[in-house]
Amino acid sequence: MEILNLEGTADTPKIILDKGNKIFEISGRSLPEDSAEFYKPVLEWIANYAKQPNPATEFVFKLEYFNTSSSKLILDVLSALEDIEGMKIEWCYMEDDEDMEEAGKEFSELVEIPFEYRAN
Amino acid sequence: MKFIYDLHQLMAANKVILIYEGDFTQETTKSILTMAERNLESSGEESGIKKKIFNVMVEALQNIVKHSDDAKEGENGHHAAIFLISHAQSQYSIMSGNPIKNENIPNLKGALERINSLDKDGLKELYKEIIKNTTISEKGGAGLGFVDMARKSGEKLEWSFVPMNDEFSFFCLKVNIARVKETV
C-alpha cells in the first residue's frame, strides 16, 4: 500500500501513514484555512487502509496546536479509524499542556477507540 | 504628521504590543502569528499562556478571514478589519474588529450570549455538541471558534456592534487571557 507522507508547514501538520513500517502519525500544527481540503487525502488513505488493515494499529497524534476547523476533521479521522479492528490511539502532548491533554480526553469521549495518553 | 505620535502614544497607553489593520488572508494570519510568537518568546511568557494566546489568535484571525467576503460585497470601501493584542500587568487581551452585515447580528449575538451564559462544563458540552453535529462546509462553523476562545480564555467574551451604515456594523471582540493561572 502506498505511503502517505506530508511534510509539515507553518500551518499544516506532518503526516506519515505507512502500513508496511507500521507508522501512523500526525504531528505538529494544524491550522489550515481549508481543513476539509487538507485532510481529504488522509481520510482517503484511511478508507483504503480499512479494507486490509494490519492486525494491530497504533495511530499517533502528537499535535502542538490545532484550530477549531481542524478539530472537526480530527474527529472525522478518528471516526474513520473507529471501525478498524485492533485500533489504538496514542495521544501525545507536552507535559504542561493541559488544554491538549483535555482535547484528547474529549475526543476519546466522542469515539469508541481505546486512547493512551503520553506526556512528553 | 502629529497623528503618528498620537497613535504611538495611544498604543503605549493601551499597552498594545501588536496591531494590524487592513485586508486579512490566511497569509496575513500566518505572518501575524509568527510576529506574535516571536514577541511572546522574547518576553519569556509561560508556555501554557503562550499556547492559549496562540489558540485564541488563530480563531480570531480566521474568523476575520472567513467573514471578509461578506464585507466585500458592500460598496462602501470599509472592508478592512483590525486585529490587536495588548499586554497589561495581569492579562493579555486579543481584540478584533471587522464589518459584518446588520442582518447577521441577531444570530451572532445569540451565539455569543449563549456562550457567555455557560460555565466551564457547559462550554465543554456545547463544544462537543457542535463538533459532532456540524459539517465543515457550514460557514462560521456554528460558532465553534467563539466557544473555543471562551474556553481558552476562562473569562466572558466582551463584544459590541458599532453601526457603520444601513448595511454594516463593526463587530468588536475582546478576549482576555489572565497571565497568572487561577489557583483553584
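User: Which residue in E3(A) is the bridge partner of A:Ile16?
Analyst: The model is predicted. In chain A, strand E2 (residues 14–18) and strand E3 (residues 23–30) pair in the antiparallel sense. Within E3(A), the residue that bridges to A:Ile16 is A:Glu25.

User: In what order do the six strands of the open sheet in chain A stand, and which strands are at the edges?
Analyst: The pairing in this open sheet is mixed, and its order is E1-E2-E3-E4-E5-E6. An edge strand pairs on one side only, and in chain A this holds for strand E1 (4–6) and strand E6 (115–119).

User: What is the average twist from one strand to the next in the six-strand sheet of chain A?
Analyst: The sheet is open and has mixed pairing. From one strand to the next, its twist averages 15 degrees.

User: At what angle do H1(A) and H2(A) pack, and how are they oriented to each other?
Analyst: The axes of H1(A) and H2(A) are 10 Å apart, and the packing angle is about 10 degrees. Angles under 35 degrees count as roughly parallel. That angle therefore makes the orientation of H1(A) to H2(A) roughly parallel.

User: How do the residues in the contact of H1(A) with H2(A) divide into nonpolar, polar and charged?
Analyst: H1(A) and H2(A) pack with their axes 10 Å apart. H1(A) contributes residues including A:Tyr39, A:Val42 and A:Leu43, while those from H2(A) include A:Lys72, A:Leu73 and A:Asp76. By class, the contact has ten nonpolar, three polar and two charged residues.

User: Which element gives the most residues to the side of chain A that touches chain B?
Analyst: 20 residues of chain A are in contact with 22 residues of chain B. On the chain A side, the elements that give two or more residues are helix H1 (35–49), helix H2 (68–82) and helix H3 (98–110). With six residues, the element that gives the most is H2(A).

User: How many residues on the side of chain A that touches chain B are charged?
Analyst: That side belongs to a contact between 20 residues of chain A and 22 of chain B. Among the chain A residues are seven nonpolar and five polar ones, and the number of charged ones is eight.

User: Which strands stand at the edges of the five-strand sheet in chain B?
Analyst: This open sheet has antiparallel pairing and the order E1-E2-E3-E5-E4. Two of its strands have a single partner strand each, so one side of each is left without a neighbour in the sheet; they are E1 (16–22) and E4 of chain B.

User: How many bridges join E3 to E5 in chain B?
Analyst: Strand E3 (residues 91–101) and strand E5 (residues 168–178) of chain B run antiparallel. One of the pairs across them is B:Lys101 with B:Phe168 of E5(B). The number of bridges joining the two strands is eleven.

User: Through how many residues does the hairpin join E4(B) to E5(B)?
Analyst: E4(B) and E5(B) run antiparallel and are joined by six bridges. B:Phe161 has B:Phe171 of E5(B) as its bridge partner, and B:Ser160 has B:Cys172 of E5(B). The number of residues through which the hairpin joins these strands is four.

User: How are H4(B) and H6(B) oriented to each other?
Analyst: The axes of helix H4 (residues 105–117) and helix H6 (residues 144–153) of chain B come within 10 Å and cross at roughly 30 degrees. Angles under 35 degrees count as roughly parallel. The orientation of H4(B) and H6(B) is therefore roughly parallel.

User: What is the handedness of the crossing of H4(B) with H6(B), and how many nonpolar residues does their contact have?
Analyst: H4(B) passes H6(B) in a right-handed crossing. H4(B) contributes B:Ala111, B:Leu112 and B:Ile115, and H6(B) contributes B:Phe146, B:Val147 and B:Ala150. The contact has no polar and no charged residues, and the number of nonpolar ones is six.

User: Where in chain B is confidence highest?
Analyst: The mean pLDDT of chain B is 88. Confidence is lowest in helix H3 (residues 47–72) of chain B, at a mean of 86, and at 97 it is highest in strand E4 (residues 158–163) of chain B.

Definitions and conventions:
Residues numbered from 1 in each chain as written. Chains lettered and ligands numbered in written order. Predicted model: local features only at pLDDT ≥ 70, side-chain atom pairs only at ≥ 80, totals over all residues. Pairing = 2+ DSSP bridges. Axes fitted to C-alpha atoms, helices over the stretch in contact; angles between N-to-C directions. pLDDT = per-residue confidence, 0-100. Contact = placed C-beta atoms within 7 Å. Nonpolar A, V, L, I, M, F, W, Y, C, P; charged D, E, K, R; others polar. Parallel < 35°, antiparallel > 145°, perpendicular 65-115°, else oblique. Left-handed = near helix turned anticlockwise from the far one by under 90°.
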